[in-house]
Amino acid sequence: MRTLGAFAVGALAALAGVACGSHSSAPAGSYPAFVPVVPQIANNSGAMLTAAKIVTVTWTADPNEASLEDFGDKVGASSFWTATVGEYGIGPATSGAGNHVRISTPPPTTLVDTDVETLVGQQVAAAATSGWPAYDPQTLYVVYVPAATLVTSNGVDMCPRRSGLHADLPVGSSPHVPYVTIDEHCGGGGLDAVTETASHEIAEAVTNPHSLADRGVVDFDSAHLAWKLFAGPDEEIGDVCESYADAFFPGPSDLPYTLQRLWSNASAAAGHSPCAPHSSEPYYNVAPIDLEQLSVTPGTATAPQAALGYQVGVHATRTFDVGYYSDLPTGNWSIQAVEGDGTTAPASPRLTLSAASGSGKNGDRDTITVTVNADGAPGTGNAILMTIVSSAPGHTTHFMPVLIGAY
């Protein structure tokens with residue numbers, strides 16, 4: 001959804017590669033000098049649309065109609081598509097004039113959030129006479145609701161919650177017919193906002209088309225609880241990148257629309273930006289060194305889970321090392337360790353944090369000192385998220401989530 005806005009010990013060791021939770025260091029002078037232990041979004045061996053057929057559904061009164069049909073025809077054959085979903089086993093998607101559905105009736109003033117699902121279900125069921133392309137297991141219906149239409153849930157505008165979604169529904173003998181809804185009203189009808197949302201939702205729909213069952217590419221591995229807490233409950237390839245400052249960008253010549261960067265397991269694991277395609281500027285961050293195996297109980301959970309982080313006793317202090325890394329030469333950048341996700345402070349802070357130097361460049365090392373000041377309130381658990389924020393004037397800010405086990 002586009003918003004506005006337990007491994008066993010042995011498995012943990014395998015995931016970390018060498019010593020459990022260890023970073024890897026490159027030869028002196030290499031970029032990046034450190035490669036952090038970062039999560040991978042899991043391939044759960046569920047359904048995927050590896051050769052998708054994109055059906056673009058618009059209203060003829062929509063001024064964006066021609067552009068949205070062009071976007072649907074080009075996206076699946078673009079370099080953007082290869083760079084973002086290709087690593088997950090997704091091949092080119094196809095579309096064309098035969099996959100354009102134009103609704104000639106005037107768009108409604110309002111729609112309830114379930115009305116698009118009803119529309120898709122009715123029209124696909126009646127494909128023999130409705131003019132909609134017939135469903136097969138690779139078909140994806142993408143419905144653009146014009147900006148003139150307000151989409152509501154319980155009478156409330158949906159835009160503060162989301163500007164697009166992908167889902168699936170049963171139609172006849174087909175238990176999972178995937179579709180995408182884009183609410184153009186949320187972006188004021190501007191084409192840039194519409195296509196950036198569409199790039200997010202279409203990519204998620206092909207990598208995880210049956211979102212509530214038979215799941216495809218979704219969810220960080222449980223060892224990286226810090227990243228799960230940082231990203232929030234939605235962990236598909238678009239969701240986990242949409243909040244970064246450089247998430248949205250002008251597309252390449254073969255897809256000249258505003259797009260969203262998407263999570264790349266390969267890029268993240270190599271010490272580059274976790275969101276692809278890469279920006280033209282260097283990616284810089286810090287790698288926590290020698291992460292430990294923890295057993296923590298997050299939030300209101302009733303059972304502990306294995307995760308990577310650092311254990312710090314309540315009313316105790318300890319220090320851990322981080323390594324500065326960038327994938328191209330840079331000057332120094334500054335770091336700050338904060339409790340929470342780096343953008344929103346917790347209501348009841350529990351940590352005191354400091355960095356010894358607070359500044360460095362690729363290959364330098366620093367230390368972070370953590371003091372746990374208090375037990376958590378009931379229901380908060382003993383897993384605390386801290387985030388190391390890397391920033392440099394004129395450049396994108398980057399974040400490294402780190403788990404503190406307070407016990």
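A residue counts as buried when its relative accessible area is under 20%. Cys186 has a relative accessible area of 18%, so Cys186 is buried. These values come from a predicted model.

Start with the bond that Cys186 makes. A disulfide is a covalent bond between the sulfur atoms of two cysteines. Here one joins Cys159 to Cys186, with an S to S distance of 2.2 Å. Cys159 sits in the loop between S9 and strand S10 (164-171), and Cys186 in the loop between strand S11 (174-183) and helix H6 (191-207), so the bond ties together parts 27 residues apart in sequence. The torsion about the S-S bond is about -90°, so this disulfide is left-handed. Cys159 is buried too, because its relative accessible area is 9%.

The count of disulfides is 2. Cys241 and Cys275 form the other, with sulfur atoms 2.0 Å apart. Cys241 lies in the loop between helix H7 (225-231) and strand S13 (248-250), while Cys275 is in strand S16, so this pair links parts 34 residues apart in sequence. Its torsion is about -95°, so it is left-handed. Both Cys241 and Cys275 are buried. Number the bonded cysteines in sequence order, and the pairing reads 1-2, 3-4.

Strand S16 covers residues 275-276, and Ala276 belongs to it. Ala276 counts as buried because its relative accessibility is 6%. Setting aside neighbours within four places in sequence, Ala276 is in contact with Ala83, Thr84, Arg261, Leu262 and Ser264. Thr50 is 226 residues from Ala276 in sequence, and their C-alpha atoms are 19 Å apart.

Now back to S9. It belongs to an open sheet of 3 strands, in the order S6-S8-S9, with mixed pairing. Strands S6 (110-112) and S9 (156-157) are the edges, each pairing on one side only. S8 (residues 150-153) pairs with S9 in the antiparallel sense over 2 bridges. In that pairing, Ser153 stands opposite Val156.

All 8 of its 8 residues are buried, so S26 is largely enclosed by the rest of the structure. In a regular strand the side chains alternate between the two faces of the sheet. On one side of S26 lie His398, Met400, Val402 and Ile404; on the other lie Phe399, Pro401, Leu403 and Gly405. Both faces are covered.

Strand S25 (residues 383-391) pairs with S26 in the antiparallel sense over 8 bridges. Val389 has Phe399 as its bridge partner. S25 and S26 form a hairpin with 6 residues between them, and Gly394 in the turn has a positive phi of about 80°. Strand S19 (residues 305-311) pairs with S26 in the parallel sense over 2 bridges. There, Gln311 stands opposite Gly405.

Terms used. Residues are numbered from 1 along each chain as its sequence is written. This is a predicted model: local features need pLDDT of at least 70, side-chain atom pairs count only at pLDDT 80 or more; totals for chains, interfaces and linings use all residues. Side-chain values use heavy atoms; hydrogens and water are left out. Helices (H or I, at least four residues) and strands (E, at least two) are DSSP runs, numbered from the N terminus. Buried means under 20% relative accessible area, exposed over 50%, partly exposed in between (1.4 Å probe, protein chains only). Contact means heavy atoms within 4.5 Å. Two strands pair if DSSP finds at least two bridges between them. A disulfide is a pair of cysteine sulfur atoms within 2.5 Å.
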